[in-house]
Amino acid sequence: ESAPSERARARERERVTRPATDPTTKTATMMMAGAATTGSKAQLVLSGTSRPGAASADRKRTTPGHHVVGTRTGSSVGTRRSPAASAAKGSAGSSRKVVSVASVDSNSKSQKASPPNGSDKVVFDPSFKVDKDAAKAMYVDMLRGRNFEDMCAQMYYRGKMFGFVHLYNGQEAVSTGVIGAMRSDDYVCSTYRDHVHAVSKGVPMGKVMAELFGKKDGICRGQGGSMHMFSAEHNFLGGFAFIGEGIPVGAGAAFQARYRRDVLGDESADQVCASFFGDGTCNNGAFYETLNMASLYKLPCLFVVENNKWAIGMAHDRSTAPSMGDKEPYIYKKGPAFGMPGVLVDGMDVMAVRKVAEEAIARARRGDGPTLIECETYRYRGHSLADPDELRKAEEKEAYAKRDPIPKFRDFMIKQGLATEKEVKEWEKQVEEEVDEAVEFADASPRPGKEQLLENVFADPSGFGISADGGSQSPNFP
């Protein structure tokens with residue numbers, strides 16, 4: 001036979017015999033790294049899409065669908081606005097129409113999108129409620145994130161921190177809405193825009209600020225910096241400088257939880273992992289590969305897309321193709337293609353995000369698998385503090401400034417009787433003091449010693465002529 005035919009048969013044999021989790025693939029390797037990071041000693045032996053011994057009803061795949069939730073945008077009163085919001089002038093409406101729910105019918109082979117509902121605002125489900133304690137926690141967490149990032153900008157321009165620093169202003173409702181709905185033992189994977197995710201996960205602000213200052217008391221002893229926050233104590237699995245890196249790591253964390261529960265019989269292992277990433281990352285191969293794996297093994301994952309409409313300086317609609325029949329590139333519609341629900345939510349409304357997060361977390365925790373959540377949000381600053389932010393139009397910035405999630409929720413709390421004006425002002429003062437204390441802590445923290453220089457780099461630095469204190473062992477060098 002001809003050589004091409006023999007090669008074709010060889011490829012077919014490889015396709016049949018090679019396991020789906022071939023460790024030579026980048027995504028599978030990073031998934032194993034995520035499982036190892038969380039402390040699981042289990043080997044990567046996957047048990048399929050159903051728990052061993054589970055009832056047959058548990059093996060049935062629920063039909064995924066799409067949901068759109070949100071709240072009416074309203075005016076804000078009596079609060080400080082973000083720099084972008086403060087600069088907003090004139091009148092501008094929403095920058096886009098919100099499409100209605102797209103559904104997947106299990107009895108139909110086609111997917112159809114309902115026609116637009118005629119409104120340019122997402123309508124929130126009024127039946128969803130939170131109590132006073134939850135409302136306070138949500139408001140304070142968003143305010144902590146905003147004030148912390150504003151202080152980071154000041155410290156950066158004063159020369160207290162170096163390198164690239166990516167701020168989260170405007171996106172606070174996403175971090176608060178998702179992480180606030182999780183348990184302390186759940187896992188979170190972040191991106192290079194990770195400060196606020198860490199704070200929402202419970203990492204002390206002083207340690208985050210000290211890390212940004214490159215100080216020894218930082219969350220990573222000053223060796224991680226802005227883009228590499230990590231805390232094993234808080235199950236915060238890190239910020240990642242390269243886009244998409246955290247997605248398979250988060251799936252690895254979710255895998256070890258499911259393995260411990262289903263295979264090792266640990267009933268306490270019902271943790272969930274939320275992986276955050278931007279719209280630009282959704283064109284990365286690791287995103288699609290991990291969605292496939294997570295759905296195949298019903299991993300307890302939340303894939304949270306923080307769609308702020310810009311991948312650095314590239315507009316979302318210029319880099320991502322829309323689904324068939326759509327004019328805009330909706331990311332949430334990629335969920336059903338991998339057998340999981342896709343949810344579009346107003347990421348500028350913390351109540352809307354909280355509702356979606358609670359539903360997705362409950363679904364993951366009961367063993368029904370992952371959810372893809374697209375949060376439409378916006379960052380009020382440039383891509384990083386080195387970005388002059390000259391590409392985005394003023395009208396677009398003004399439109400999103402009017403939807404600032406913090407004053408919107410402040411107004412909502414007062415109108416609903418969840419807080420008084422006096423209480424809110426007290427919380428705001430407390431947050432300001434907490435941020436000031438974080439800066440004082442970071443300033444007072446010592447700088448790392450030379451002995452840290454090659455820790456976590458070489459197993460035995462002495463083999464490279466480096467002494468225990470980080471200096472040189474060579475007599476020719478000091």
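Q: Is isoleucine 312 buried or exposed, and what is its relative accessibility?
A: In this predicted model, isoleucine 312 counts as exposed because its relative accessibility is 53%, and the cut-off for exposed is over 50%.

Q: Where does isoleucine 312 sit?
A: Isoleucine 312 lies in the loop between β7 and β8 (314-315).

Q: What is phi of isoleucine 312?
A: Its phi is near 60°, a positive value in a residue other than glycine. Most residues other than glycine have a negative phi.

Q: And what about phi of lysine 309?
A: Lysine 309 is not a glycine either, and its phi is positive, about 80°. This residue is placed in the loop between β6 (301-307) and β7 (310-311).

Q: Buried or exposed, that lysine 309?
A: Lysine 309 counts as buried, because its relative accessibility is 14% and buried means under 20%.

Q: Turning to strand β10, how many of its residues are buried?
A: Strand β10 (residues 371-376) has 6 of its 6 residues buried.

Q: Which way do they point?
A: Thr371, Ile373 and Cys375 point one way from β10, while Leu372, Glu374 and Glu376 point the other way.

Q: Which strands does β10 pair with, and how many bridges are there?
A: β6 runs parallel to β10, joined by 6 bridges; glutamate 306 has cysteine 375 as its bridge partner in β10. Strand β9 (residues 342-346) also runs parallel to β10, with 5 bridges, and leucine 344 stands opposite glutamate 374.

Definitions and conventions: Residues numbered from 1 in each chain as written. Predicted model: local features only at pLDDT ≥ 70, side-chain atom pairs only at ≥ 80, totals over all residues. Heavy atoms only, no water. Helix = DSSP H or I, 4+ residues; strand = E, 2+ residues; numbered from the N terminus. Buried < 20%, exposed > 50% of the residue type's maximum accessible area, 1.4 Å probe, protein only. Pairing = 2+ DSSP bridges.
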